[in-house]
Amino acid sequence: MQETPDTIVEPLFCGQLELSKPTCMMHHMRPIKCVAFEGTLTGRRFYGCPVQQSEGVNYGVTEWVDKPWHPILQNCLSRLWDMYHEQNCGRVVDKQKYEKHLAKLKTENDKLCIEYTKLVQDVSKMFDWQDGRVGHMDNQKAVEEEEFEKKKKEVEERARLEVQMEKLKLAKEQRCILQSQADIIKNTRKAKKEVEQERDLLKIEKAKLEHVVNELLSDGHASKEKLEKIKAILDS
């Protein structure tokens, strides 16, 4: 039993199978209709187990509706998925770099806050020692604390805006991925249709050639032995 591949929502092929057979071998339940979205299986319809995967158990494919794609189509799908994984890997690397940069900025900001607080304390002590005026010291300390809180809020606001921009960027990339998935399904069906049309044309040409060989054999034209060999090749 083949493991269940990743799937994609397809409105024209979804829901539970209405027929009594086939059934899931594991749970003896009517399977659900699915469309594969993984590697060379992309676009193939199948009936899968209705029970969700749990504890790492994959209940597998109950029955395939579509036969394996033509090797040429499988090669195309494999190349498309390789290109997708390469681009996705690049996005992951960029995100990791951004997170490291953001963590570095936060560390530097915390360090600056500590140094600034220490500086404020030193300045306050200096004024207290020099002037001996508690009122002036309290007023200066209040001003410094106000400046500190203001700068702290500015840093927090800047960090919040950067995080929000990153979320918007990730949401845009997600929409691009979904659009790419739809394009892959569309191109898969188009390629399948072209392969089928080419196969039908070859069948027609083969039938015409068989008809010509049969006419030549019936009329006694050319070498009968050569025509028999040609006919044997066509029948194989």
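A residue is called buried when its relative accessible area is under 20%, exposed when it is over 50%, and partly exposed in between (1.4 Å probe, protein chains only).

## Model and overall layout

This is a predicted model, in which local features need pLDDT of at least 70 and side-chain atom pairs count only at pLDDT 80 or more, while totals for chains, interfaces and linings use all residues. Residues are numbered from 1 along each chain as its sequence is written, and side-chain values use heavy atoms, with hydrogens and water left out.

The protein chain has three helices and three strands. These are DSSP runs numbered from the N terminus: helices are H or I with at least four residues, strands are E with at least two. Read from the N terminus, the order of elements is β-β-β-α-α-α. Of the 236 residues in the chain, 19% are buried.

A contact means heavy atoms within 4.5 Å. Of the contacts in the chain with a separation of 6 or more, 56% are made by residues 24 or more positions apart.

## Two buried residues in loops

Thr 42 sits in the loop between strand S1 (32-35) and strand S2 (45-48). With a relative accessible area of 0%, Thr 42 is buried. Beyond its neighbours within four places in sequence, Thr 42 contacts Ala 36, Phe 37, Trp 69, Leu 77, Trp 81, Ile 184, Ile 185 and Thr 188. With Trp 81 there is also a polar contact of 2.7 Å between the two side chains. Such a contact is a pair of N or O atoms within 3.5 Å, one able to donate a hydrogen and the other to accept it; residues adjacent in sequence count only if both atoms are side-chain atoms.

Where in the chain is Asp 66? Asp 66 is in the loop between strand S3 (61-64) and H1. Its relative accessibility is 8%, so Asp 66 counts as buried. A polar atom of the Asp 66 side chain lies 2.8 Å from the backbone nitrogen of Arg 45. If residues up to four places away in sequence are set aside, Asp 66 touches Gly 43, Arg 44, Arg 45 and Lys 192.

## Salt bridges

A salt bridge is a side-chain nitrogen of Lys or Arg within 4 Å of a carboxyl oxygen of Asp or Glu. By this rule there are four salt bridges in the model, and the table lists pairs from among them.

| Pair | Closest N and O atoms |
|---|---|
| Glu 10 and Arg 189 | 2.8 Å |
| Arg 160 and Glu 157 | 2.5 Å |

The bridge from Glu 10 to Arg 189 links distant parts of the chain: Glu 10 is in the segment before S1, Arg 189 is in helix H2 (residues 134-219), and they are 179 residues apart. Glu 10 is buried at 12% relative accessible area, whereas Arg 189 is partly exposed at 47%.

Asp 110 and Lys 106 are four residues apart in helix H1 (residues 71-131), which is about one turn of the helix. Asp 110 counts as partly exposed, at 33% relative accessibility, and Lys 106 counts as exposed, at 53%.

Why are Arg 160 and Glu 157 separated by about one helical turn? They are three residues apart in helix H2, and therefore about one turn separates them. Arg 160 is partly exposed at 45% relative accessibility, and Glu 157 is partly exposed at 36%.

## Cysteines

A disulfide is a covalent bond between the sulfur atoms of two cysteines. Here a disulfide is a pair of cysteine sulfur atoms within 2.5 Å, and a search of the whole structure finds zero of them. Cys 76 is partly exposed, at 41% relative accessible area, and Cys 89 is partly exposed, at 49% relative accessibility.

## The largest pocket

A pocket is an open set of points on a 1 Å grid over the protein atoms alone, where a 1.4 Å probe fits and protein lies on both sides within 12 Å along at least five of seven lines; lining residues have an atom within 4 Å of a point. Points are joined across faces, edges and corners, and the volume is the space filled by probe spheres set on them.

The largest pocket holds about 420 Å³ of space. It is lined by 17 residues, of which Leu 105, Asn 109, Val 155, Glu 156 and Arg 158 are the closest to its centre. H1 and H2 each give at least two residues to this lining. H2 gives the largest share, nine residues.
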